[in-house]
Amino acid sequence: MKRTILSLFVMTMALTAMADDVMQKKGDTYIVNTTTLCHKKGYKSTTPVEVHIQNGKVIKVVALPNKESKGYFKMILQRLLPLYNDIKVGKAEKLSTQQQVDAYTGATFSGNAVQANIKAALDYYKAHK
């Protein structure tokens, strides 16, 4: 019985620590980091992002370090991520499920992985804000 209670306590603490790594609040801005939240792979690796949300709007999406091809990923940085600047969370959710990433970036696998990361961040935000 003591062992079970101790195990539950340790698991709860681990989940709490993990949750702190996922979403932080700085002032009135929530920052959701998908490094441990979403493991969708692009062409070469995972493509974690930080989604910055303030007053129900996505302020910006910042790509975190990854191993994707720099040339293709540059297109995502220039063409896809700016689409999320200053839009309501609901609109951002709809955008994150669109499969027309090629039209914006030419980087199908990487773009789809970034979209999945953004969707995961928005879902997490809605569930934990």
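# A tour from the loops to the core

Start by selecting Asn55, which is exposed, with a relative accessible area of 65%. The model on the screen is a predicted one. Asn55 sits in the loop that joins β3 to β4. Its phi is positive, about 50°, although Asn55 is not a glycine. Most residues other than glycine have a negative phi.

Asp86 is the next stop, in the loop between α2 and β5 (87-88). Asp86 is not a glycine either, and has a positive phi of about 60°.

**The whole chain**

Now zoom out and colour by secondary structure. The protein chain contains 5 helices and 5 strands. Followed along the sequence, their order is α-β-β-β-β-α-β-α-α-α. Of the 129 residues in the protein chain, 36% are buried. Take the contacts between residues at least 6 apart in sequence: 56% of these join residues at least 24 apart.

**Gly42**

Select Gly42, in the loop between β2 and β3. Show what surrounds it: leaving aside neighbours within four places in sequence, Gly42 is in contact with Thr47, Glu68, Phe109, Ser110 and Ala113. For a distance to check in the viewer, pick the C-alpha atoms of Gly42 and Phe73, which are separated by 10.0 Å. These two residues are 31 residues apart along the chain.

**The nonpolar core**

Which residues have the most contacts inside the largest nonpolar core? They are Val51, Val58, Tyr84 and Ile118, in a core of 25 residues. To see where the core comes from, select β2 (29-33), β3 (49-54), β4 (57-63), α2 (70-80), α3 (89-96) and α5 (108-128), each of which supplies at least two of its residues. The most comes from α5, which gives 6 residues.

Centre the view on Tyr84. Apart from neighbours within four places in sequence, Tyr84 touches Val58, Val61, Ala92, Leu95, Ser96, Gln115 and Ile118.

**α2 against α5**

Hide everything except α2 and α5. Their axes lie 9 Å apart and the two helices pack at an angle of about 50°. That angle makes α2 oblique to α5. The crossing of α2 past α5 is right-handed. Show side chains where they meet: Phe73, Ile76 and Leu80 on the α2 side, with Ser110, Gly111, Val114 and Gln115 on the α5 side. By class, this contact has 4 nonpolar residues, 3 polar ones and no charged ones. Phe73 is the residue used in the distance from Gly42, and Ser110 is among the contacts of Gly42.

**α3 against α5**

The axes of α3 and α5 come within 9 Å and cross at roughly 145°. Is this crossing left-handed or right-handed? α3 passes α5 in a left-handed crossing. From α3, select Val89, Ala92, Glu93, Leu95 and Ser96; from α5, select Gln115, Ile118, Lys119, Leu122, Asp123, Tyr125 and Lys126, which they meet. The contact of α3 with α5 divides into 6 nonpolar, 2 polar and 4 charged residues.

Notes
Residues numbered from 1 in each chain as written. Predicted model: local features only at pLDDT ≥ 70, side-chain atom pairs only at ≥ 80, totals over all residues. Heavy atoms only, no water. Core = buried A, V, L, I, M, F, W, Y, C linked by side-chain atoms within 4.5 Å. Buried < 20%, exposed > 50% of the residue type's maximum accessible area, 1.4 Å probe, protein only. Helix = DSSP H or I, 4+ residues; strand = E, 2+ residues; numbered from the N terminus. Contact = heavy atoms within 4.5 Å. Axes fitted to C-alpha atoms, helices over the stretch in contact; angles between N-to-C directions. Parallel < 35°, antiparallel > 145°, perpendicular 65-115°, else oblique. Left-handed = near helix turned anticlockwise from the far one by under 90°. Nonpolar A, V, L, I, M, F, W, Y, C, P; charged D, E, K, R; others polar.
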